[in-house]
Structure formats: structure tokens, C-alpha cells
Amino acid sequence: MAEPMSMREARSLAIAAQGLSGAPDSTVLQTIDRLGLLQIDSVNVFERAHYMPLFSRLGTYEKHELDSLSGGFNPSLIEYWAHEASIIRTENLPLYKWRMYNWRAGELAKGNDSWMAQQSDLLKWIKAELAEKGPLTANAIEHDRNVRRGNWWGWSDVKRGLEALFGIGDLVSGGREKFSRIYALPEQVLPTEILNASISADEAKRRLILQAVTAIGIGTRADILDWHRLNKRDANHIIDELIEAGSIVEMKVERWREAALASPSTLEQRVDSKSRTTLLSPFDPLIWYRPRTERLFDFHYRIEIYTPEAKRKFGYYTLPVLHDNQIIGRIDLKNDRQNNYLIAKASWHEDGLPARKLNSSTGALAKHLAAVAKWQGCTQVQIEPKGNWALELAAHFA
């Protein structure tokens, strides 16, 4: 095992690998190639999750640059269950065929108890409907069982069927329409070479692990396996083989109980660089695995969407603030689209932040919030008086 690495070095390495320091990426595809994927989430109180990591790395960009890369035949980007629901390179979709196979095998193992087995006629009808009419959103499919059930997130049988077929690979994503997924038959979207691509489960996982090791910069086995939600029982042996082959290097990071892993090329290129000041989406790859966020940044973070308002400590949908290679606070941000206001409903810096760093970071964050507002088409930034950072931030927008 190599010489111990300091926490400062580990942070710098992780941040640089993520494209959050140094010269910013120049294109949407460059950032996606760097990260491997973008997680999708429906919450839109400020901005949907897949747009934010791009802004944190590219700066101001047009969201249609991302949207235009999906949809149609042979798109550059497509969706599948990679981390969670995620945007990936279309050419990488075959790397998840083993997951589609496992999903299908799980349904078959249930026999007649499987919902898919019980709904085989409906599923055949859905595929025939798409074959006749082309790619469609769930709402565009006319069927007497396309009616929501239960509360607001309840799915109709048609939507449930579409998602089940999407999971096993019988359907693919054909882009989105007003954030609703468009479902398509694979041949309506994918070229022959991707449709017919054959790759073993172990080889696919090997490539996904190497992609994660490069994207993460430095991390534990758990960090790396979480990137593509791989199961340690059937992926740990692949990491062992990659270590033995020298494709992954084991390191010791200060205060980490477990061994850290990195690619040799990452270690050769490491530089002691400082991060830019930026807000991070709750689902930014730098922080989406909360145990890693605590281990690497000593930052305990949870979104409080499902916490009753009276019990929330920081706010409904707080975004962590990255500054000078540390996560120094969080902002509960809302886009008031009706009035074109960017509203910080609560602003918190971490306890114990030195006064000098508080002063410098406040100015940097205020400048960043102004850029965020411009990107969002907001004409004003409004800092509400909640949180231990609100007073200082508000002074910059008086």
C-alpha cells in the first residue's frame, strides 16, 4: 500500500477529478464523459437535479444543450437505471444489459405471482401500441387502465407496465417531453450495433468500476460500488482483480478506516488545486453518497423534503456550498418563477467557520448566486432572514 495521503490531498484529488477545480469543462458531453452519468430527480423547487451538476462544472449554459442530446434515433444520451434513474451515453447502455437480465429473471422467478406475468396481455398491448404509433409518453397512451391510483404519486397500470418493460430492456427512453419520459421500442431509438452488442456481466461491471474509479478520483470500495449501484457480493472480486492487475491502486487516506482506491493515471496527474465556489445539487456525484460526504468533507447532509416543516433544521431543499475545497454551508434555494426572483429561504454556514474564511466565502457565494439568478432568468436575488449566514449574504444584495 502506498504512502498515506492527507485529507487535504484526498479532497483536492476528488474535486479535480469531478471537474470542480481548474479550467471548467467546455461542453455538456465533456462533463458527462467525466462523470459517467447524471442522476435524474423530479423536484423542481429550484432546478431539476440533472441540470445542476452541469452548471457547477460548466458555469452558465443553455439547458437545451443537454435536452437536445436525447431523443430521436441514435441519440448521444439516453436514460436507464445506472445510479438511480440516470442519463448516460447511449453507447454505454449495453453495459447494463446484465441488470435488465436480472430484472427479468427476478420476475420470472416469481412465476404466476409476478405482476408482469399477470398483466402479460396489457404488456403485449403496450408494445403493439408503440409499434403502431411510435414513441409515446405515458399520458399519451389511451387505455381504460391508464388512470392514476391512490395519492399523487400513484401509477396507473399502464405507467407501471411501461416502467416494468423499461426496466427489463423491452422498452427504452426516447427522450423527455416536459419532464415526462418518452417510451419507445429499442429498434425505434437504438442503432444495430447497440441493439446487438453482447458483453458479459463481469466485463460490463469491470468497465463500470473503472469508469467510477476515474470519476470519483479517490474513494473506498463502497464509494465506487455505489456509483453504479453494484452489489459487493458479485463485484468485489472484480475490484480485487483490477488491483492485482495494477489498474486500481490502493491508498491510505488520513482518518479513513478503509483502504482508498484510485486509478494510476489519476495519481500521476494530481495537483493541489482549489475548487471554485459553487452550489451543489443534492444529487451531485461529489456528494450523492452521504457516508463519503461525511468522511471526505466532515459534512453531515440530508435533504429535508420528507421531514415535517416544524422539524426541519435547515430547510426543504438545501444545496451545499463548495468553497476552497471545503463544503462550508447550505442554502435553501427556491426559484419564484412567477416573479422571477431567486429566493434563499434559509442560509447557513457551518459552525466554527473562521471569520476570515466567512468574509471571503460570503462575497464569493454572493457573486455565485448572482450568476445562478442570471442562469435561471431571475431579475433579483432575495435573501430571507433565516439562518446564521443570512445577514452577511443579504448585505451584498441590499
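Predicted model: local features only at pLDDT ≥ 70, side-chain atom pairs only at ≥ 80, totals over all residues.
Student: Is D25 buried or exposed?

Tutor: Let's start with where D25 sits: in the loop between helix 1 (7-17) and helix 2 (28-35). Its relative accessible area is 5%. Buried means under 20%, so D25 is buried.

Student: Which side chains make a polar contact with the side chain of D25?

Tutor: Leaving aside neighbours within four places in sequence, D25 is in contact with Q30, T31, R34, R57 and L58. Two of these names come up again for side-chain polar contacts with D25: one is T31, at 2.8 Å, and the other, also at 2.8 Å, is R34.

Student: Thanks! In strand 3, what is the bridge partner of W81?

Tutor: Strand 2 (residues 77-81) has four of its five residues buried, so the rest of the structure largely encloses it. Strand 2 runs antiparallel to strand 3 (residues 85-89), and five bridges join them. The two form a hairpin with three residues between them. Within strand 3, W81 has as its bridge partner A85.

Student: Is R221 buried, exposed or partly exposed?

Tutor: R221 belongs to helix 12 (residues 221-227). Its relative accessibility is 23%. Buried needs a value under 20% and exposed one over 50%, so R221 counts as partly exposed.

Student: Which residue has a side chain joined to that of R221 by a polar contact of 3.0 Å?

Tutor: Not counting residues up to four places away in sequence, R221 touches N236, I239, D240, I243 and L261. The side chain joined to that of R221 by the 3.0 Å polar contact belongs to N236.

Conventions
Residues numbered from 1 in each chain as written. Heavy atoms only, no water. Buried < 20%, exposed > 50% of the residue type's maximum accessible area, 1.4 Å probe, protein only. Polar contact = N/O pair within 3.5 Å; in protein donor to acceptor, adjacent residues only side chain to side chain. Contact = heavy atoms within 4.5 Å. Pairing = 2+ DSSP bridges.
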